[in-house]
Amino acid sequence: NTGPPGGRRQLGRTRDKPAIEREAQQLVEDDLALEMRECPDCNRSFNVKSFAKHASVCKKVFQTKRREFDSAKHRALEERPTPAGKGHRQQKSQATDASKAKWREKSAAFREAMAQNRLIAQYQKEGRPLSELPTLPTREDSSLVPCQSCGRTFNEAALARHSKICKSVFTNKLNLKDKKR
């Protein structure tokens with residue numbers, strides 16, 4: 001061993017180049033001294049200790065054939081009606097129908113916005129004023145409910161939270177206007 005006593009390296013000191021080269025040569029010789037065995041299944045080489053463990057895993061992974069996944073069969077299982085008394089799939093399908101409808105609305109609104117943006121770009125390219133643009137009818141989200149005090153729209157859960165605050169704020173604003181008169 002060419003290093004300092006106790007195996008620790010002292011800061012500020014460097015080992016000389018021949019010592020490093022000797023150590024590297026010793027490591028190479030130690031690696032060559034290990035007996036290597038080649039796996040007959042995958043042709044990779046392992047030392048004797050690792051080969052025993054690898055052989056069992058290699059046979060399991062590379063030699064056994066996996067079942068082929070049949071996506072059409074699984075799709076048919078999902079679409080098949082469920083027996084009576086098991087409404088889990090039915091409830092799930094109703095929830096997905098609602099989310100699909102919501103997605104369709106958002107998708108249609110997005111496509112309309114893209115078409116409107118193309119029109120704007122065309123008008124700008126032609127040098128026409130944007131005031132001539134035809135206006136698209138705005139779609140209102142059917143799931144949103146307007147606040148009675150301020151008129152802003154919210155989903156039902158958010159409206160419940162908002163209305164508590166909005167009523168007090170809105171009545172305070174009305175009271176301040178009356179006092180100023």
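This is a predicted model: local features need pLDDT of at least 70, side-chain atom pairs count only at pLDDT 80 or more; totals for chains, interfaces and linings use all residues.
Which residues form the largest nonpolar core? Residues are numbered from 1 along each chain as its sequence is written, and side-chain values use heavy atoms, with hydrogens and water left out.

The protein has five helices and four strands, taken as DSSP runs numbered from the N terminus (helices H or I, at least four residues; strands E, at least two). From the N terminus on, the order is α-β-β-α-α-α-β-β-α.

Now the core. Its five residues are Cys 147, Phe 154, Ala 158, Leu 159 and Cys 166. Helix α5, residues 156-180, gives the most to this core, with three residues. A nonpolar core here is a set of buried Ala, Val, Leu, Ile, Met, Phe, Trp, Tyr and Cys residues joined through side-chain atoms within 4.5 Å. Buried means under 20% relative accessible area, exposed over 50%, partly exposed in between, with a 1.4 Å probe and protein chains only. Buried residues make up 10% of the 181 residues.

Phe 154 touches Ser 143, Leu 144, Val 145, Cys 147, Leu 159 and His 162, leaving aside residues up to four places away in sequence. Contact means heavy atoms within 4.5 Å.

Next, helix α2. His 54 sits in this helix and is buried, at 12% relative accessible area. With the sequence neighbours up to four places away not counted, His 54 touches Cys 39, Cys 42, Arg 44 and Phe 46. Val 61 also lies in helix α2, residues 48-63, but is exposed, at 51%.
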